[in-house]
Each structure stands twice: as structure tokens, then as C-alpha cells.
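Dear colleague,

Please find below the structure that I am handing over to you. My notes on what was found in it follow directly after.

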Amino acid sequence: MSADQEMRSPLEISEGVRLFRDRLERAEQSALVAELREVARRAPFYTPAMPRSGRPFSVRMTNCGPLGWVSDRAGYRYQPTHPETGWPWPAIPPRLLDLWDEVSGYPHPPEACLVNFYDAEAKMGLHQDRDEADFAAPLVSISLGDSCRFRLGGVERTDRTRSFVLASGDVLVLAGPARLAFHGVDRILSGTSTLLAGGGRINLTLRRVTKAG
Ligand SMILES: O=C(O)CCC(=O)C(=O)O
């Protein structure tokens with residue numbers, strides 16, 4: 001982290017929602033993409049399916065960390081292995097653990113890093129992240145590659161929503177009263193970044209899954 005990044009305070013979008021614009025410099029983003037390529041070599045991206053209907057997600061996913069979030073006809077859950085290869089997820093890259101320490105304000109490490117890949121057409125509907133045993137830990141979300149229009153609501157599905165752009169290098173934290181805020185991705189703004197050779201957007205979501213201690 002440069003001194004400039006250290007000095008910059010996050011944008012408080014609403015209570016518990018902190019947006020660190022340009023938190024990762026371009027060189028850090030590239031280094032992270034190289035590490036994620038290795039993660040994806042060992043735990044390939046796959047297409048998750050919706051519970052019950054089995055309808056495929058438009059987003060492709062993989063994970064790193066002791067636990068990974070998966071979805072299939074049987075439901076949403078965390079598990080220690082890749083659903084297609086049966087292999088344990090690779091470790092979370094140390095630079096992400098450091099970032100968690102710097103922005104989360106939570107004294108225990110994340111256990112899951114969900115890696116979402118969005119092509120130009122992919123999106124993610126409004127949802128809450130609530131498959132974790134403890135909501136005391138925040139969600140830390142990192143954007144890489146093409147920008148997206150991100151939608152954020154309140155803790156009730158019917159609450160008013162707002163949208164804003166998340167760009168490569170931005171880090172968003174949902175904590176405290178916003179930990180269970182509904183959120184989603186309306187669309188990808190194709191061609192807004194040259195970070196990923198083939199275009200598209202990667203989102204990393206760091207989560208604590210079990211109750212610490
Ligand atoms: O891609 C994003 O910015 C959001 C991802 C997300 O909401 C999730 O993985 O639960």
C-alpha cells in the first residue's frame with residue numbers, strides 16, 4: 001500500500017458501507033490477477049446452478065480458502081472442496097489476507113474468497129449474503145477488470161436501492177448495519193478496463209463463514 005492510499009479515507013456511502021476507491025494500484029491488480037490465474041488453474045471456474053430449478057448462473061465462479069461458496073439444485077452452502085474436481089480449494093493469496101486486515105476491522109481471518117467472473121452479459125440479481133454463521137464479520141469485495149453498475153439496497157428486499165459504478169481496484173466493505181444489505185450487479189460496462197486480456201470483470205468476496213473462537 002502506498003502512503004497516498006494509506007492517507008485516503010473511504011467514502012461512507014451509508015452506515016456500514018465503506019467504499020475505498022482505487023484501493024489497489026494497477027501493479028497490485030496485475031499481481032493479483034496473476035495469482036488468481038494460478039487459483040483458477042487448480043480450481044477451475046465452473047457454472048453454478050440455482051437451487052431447485054437448476055437454472056445456470058450467468059456468472060462463473062471458483063473459490064479459494066478453507067471453505068468455498070457453492071450453489072446447485074440442492075441449495076447454497078459452503079464446502080471445503082471444488083464441486084467438480086473434488087479437490088480442496090487453493091489457499092487465499094496473502095495479499096488478500098493483508099487487505100482484509102487493513103480494511104475489515106475484524107480480528108479473525110476470512111475463511112472463503114468467492115471469485116466471480118462476469119463476461120459482458122453476466123449480472124447478479126439482488127440478494128443478501130446470509131449463508132455464514134456469524135454476521136459480525138464484514139464482507140470485503142474487490143473489483144478487477146471492467147467496471148460494473150452495482151446496486152445496493154437495505155436489509156429488506158423492498159427497501160429503496162441506489163446504484164453506483166465499481167471500477168477496477170475499488171474495495172467495498174459491507175459491515176455492521178449493512179452486513180445483510182441486499183446487493184447485486186446490474187450490468188458490466190464492457191471495455192472500461194484493459195486489466196484482463198479478454199475483458200470482463202472479476203469480483204472477489206472475502207467472507208468469514210464460521211463463528212470465530
Ligand atoms: O460482483 C460483485 O460486485 C458482487 C458479488 C456478490 O454480490 C456476491 O458474490 O455475493
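I begin with the ligand: one of its oxygen atoms is 3.0 Å from an N or O atom in the side chain of R207. This counts as a polar contact, meaning a pair of N or O atoms within 3.5 Å; within protein, one must be able to donate a hydrogen and the other to accept it, and residues adjacent in sequence count only if both atoms are side-chain atoms. Please note that the model is predicted, that local features need pLDDT of at least 70 and side-chain atom pairs pLDDT 80 or more, and that totals for chains, interfaces and linings use all residues. Residues are numbered from 1 along each chain as its sequence is written, and side-chain values use heavy atoms, with hydrogens and water left out.

Two further side chains make such contacts. A polar side-chain atom of N116 lies 3.0 Å from a ligand oxygen atom, and for D129 the corresponding distance to an oxygen atom of the ligand is 3.2 Å. In total, 13 residues surround the ligand (a heavy atom within 4 Å of it). The closest are N116, Y118, H127, H183 and R201.

The sheets come next. Helices (H or I, at least four residues) and strands (E, at least two) are DSSP runs, numbered from the N terminus; two strands pair if DSSP finds at least two bridges between them.

Seven strands make up an open sheet with antiparallel pairing, in the order β1-β2-β11-β8-β13-β6-β3. Because β1 (11–14) and β3 (60–64) are at the edges with a single partner strand each, one side of each has no neighbour in the sheet. From one strand to the next, the twist averages 20°; axes are lines fitted to C-alpha atoms, for helices over the stretch in contact, and angles run from 0 to 180 degrees between N-to-C directions. Helix α2 packs on this sheet and touches β3, β6, β8 and β13 (contact: heavy atoms within 4.5 Å). The direction of α2 makes about 100° with that of β8. Within the sheet, the antiparallel strands β6 and β13 are joined by seven bridges, and L114 stands opposite T205 in β13.

A further open sheet has four strands in the order β7-β12-β9-β10, again with antiparallel pairing. Its edge strands are β7 (124–127) and β10 (162–166); each has a single partner strand, so one side of each is left without a neighbour in the sheet. Six bridges connect β9 (residues 147–152) to β12 in the antiparallel sense, with F150 opposite V185 in β12. Strand β12 (residues 183–189) also holds L189. Leaving aside residues up to four places away in sequence, L189 touches D146, S147, C148, R149 and V165.

Finally, helix α3 (residues 94–103) has L96, L99, W100 and V103 buried. The buried residues of α3 line one face of the helix, because they fall within an arc of 105° when seen down its axis (the arc is that of the directions from the helix axis to the C-beta atoms). P94 and D101, on the other side of α3, are exposed. Among the elements covering the buried residues of α3 are β2 (17–20), α2 (26–42) and β6 (112–118). Just after α3, G105 has a positive phi of about 70°.

With kind regards

Methods: Buried means under 20% relative accessible area, exposed over 50%, partly exposed in between (1.4 Å probe, protein chains only).
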